[in-house]
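The stops below are to be selected one after another.

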Amino acid sequence: MTAPLAANEGGAEAPAGAREVRDEDAFDVAAVDSWLRQRTELPAGLPEVKQFSGGASNLTYLLRYAGRDLILRRPPAGTKAKSAHDMGREYRIQSALAPVFPYVPKMVAHCNDDAVIGSEFYVMERIAGTIPRRSALGVDLTPDQTRQLGHTLIDTLVDLHQVDPAAAGLGDLGRGAGYVERQVSGWTGRYRKAKTWNVPSFEKVMSWLAANQPADVRTCVIHNDFRLDNVVLDPGDPLKVVGVLDWELATLGDPLMDLGSALAYWVQTDDDWAFRRFKMQPSDLPGMLTRDEIVRYYTEKTGTEPANWAFYEVYGLFRLAVICQQIYYRYHHKQTRNPRFKNLWLPVNLLERRCRRIIRKAA
């Protein structure tokens, strides 16, 4: 749920999105520095620390040393989903993917000792490049170039879905067949647990998903949060992807579920004003692929043809609603004071209405 990295040439201006650390998210910088120095060579002195404001799940920080930038990731405070925020798992996935999928950041060290800063965390190198933000790519592209970048983005997802999990040492990452069924029941349970008075029940949507779920297409490595603002573009060639970030939700699962989850964030120019209000990435720029074009391009590249795309579309939107609601639940119950989360109940309502429109159209 975050896009924290950008170009750095040690000592340069801090990247976009890097802000002063919120009081509730502060940690003992000297303790981290001491721990790191036992595992990697570092320039003298304590790092300057900034916090990236884009994340809504795990907390992400810039550790700026003279000539070297590192990224620290740690869980948020407050109630967490049972399987979420596993720093060791996130570290392991990226370490294993590095030899076969050259878009992951280089891992530095993982700490599972809560005594250092009060929680588990890991540290990685920062990837030099440009990260698209909410309303801009960060580079000037023509509509034709923007369209080409859209194809490159989906090519990168296709490349990930072609990784052999066993060859990468990730054969035990998932739970095997039945991924679609587990996701529908799992997200249903999470929503009911996180529901507050000001959001809809989603019961009709959850019942429809349960009744219309297809069998797994196949099992592969999936990212589960694949978005424009989770990729890094080459600073010398902005049509080239050099990094994919935020592997918190990665697992072994159905690739069409991954695509459906990715397109839940894909706002385009002909969407209604309310849906566009909550866009998180510049997917509506002139020339960018539409959701329908992405589905056609992906299926042509992979030979995977969904029997009922409406299921994957509704699933992706429902899953996004649950993620928003879980974050809002923390704010609602005063487990975080981050004002960015105050109104997340609004898109939950909007996503429920969108799901029901798609279901009616499919019927």
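**Before selecting anything**

This is a predicted model, in which local features need pLDDT of at least 70 and side-chain atom pairs count only at pLDDT 80 or more, while totals for chains, interfaces and linings use all residues. Residues are numbered from 1 along each chain as its sequence is written, and side-chain values use heavy atoms, with hydrogens and water left out.

**Stop 1: the sheet**

Select the open sheet of 6 strands, whose order is β1-β2-β3-β4-β6-β5 with antiparallel pairing. At its edges stand β1 (18-19) and β5 (107-111); each has a single partner strand, so one side of each is left without a neighbour in the sheet. Strands (E, at least two residues) and helices (H or I, at least four) are DSSP runs numbered from the N terminus, and two strands pair if DSSP finds at least two bridges between them. Strands of a sheet pair through backbone hydrogen bonds, either parallel or antiparallel.

Now follow individual pairs:

- β1 and β2 are antiparallel and share 2 bridges; A18 has F52 in β2 as its bridge partner.
- β2 and β3 are antiparallel and joined by 4 bridges; E48 stands opposite R64 in β3.
- β4 (residues 68-74) and β6 (residues 121-125) are antiparallel and also joined by 4 bridges; R73 has Y122 in β6 as its bridge partner.

Next, select helix α1 (residues 29-37), which packs on the sheet and touches β2 (48-52), β3 (59-65), β4, β5 and β6, its direction making about 70 degrees with that of β3. Contact means heavy atoms within 4.5 Å. Helix α2 (residues 87-97) lies across β4, β5 and β6 and runs at about 155 degrees to β5. Angles run from 0 to 180 degrees between N-to-C directions, with axes fitted to C-alpha atoms, for helices over the stretch in contact.

Is β2 enclosed or open to the outside? Because 4 of its 5 residues are buried, β2 is largely enclosed by the rest of the structure. Buried means under 20% relative accessible area, exposed over 50%, and partly exposed in between (1.4 Å probe, protein chains only).

**Stop 2: the cores**

Select L97, F101, F202, L209, W247, F311 and F318, which touch the most other members among the 82 residues of the largest nonpolar core. Helix α9 gives this core its largest share, 15 residues. A nonpolar core is a set of buried Ala, Val, Leu, Ile, Met, Phe, Trp, Tyr and Cys residues joined through side-chain atoms within 4.5 Å. Beyond four places in sequence, the contacts of F318 include W187, Y191, F202 and C355. Another core, of 19 residues, lies apart from the largest one; L36, L70, A109 and V123 are among its members.

**Stop 3: helix α10**

Select residues 345-362, helix α10. Its buried residues, including L350, L351 and C355, pack against α4 (179-194), α5 (203-212), α7 (273-277), α8 (291-302) and α9 (309-332).

**Stop 4: the cysteines**

How many disulfides does the structure hold? It holds 0 disulfides, a disulfide being a pair of cysteine sulfur atoms within 2.5 Å. The sulfur of C324 is 12 Å from the closest cysteine sulfur, in C355, which is too far for a bond. C324 is buried at 10% relative accessible area, and C220 is buried at 0%.

**Stop 5: G243**

Finally, select G243 in strand β9 (residues 241-244). G243 counts as buried because its relative accessibility is 0%. Beyond four places in sequence, G243 is in contact with Y103, I127, N230, V231 and V232.

Note on methods: Expected span 1.5 Å × (residues − 1).
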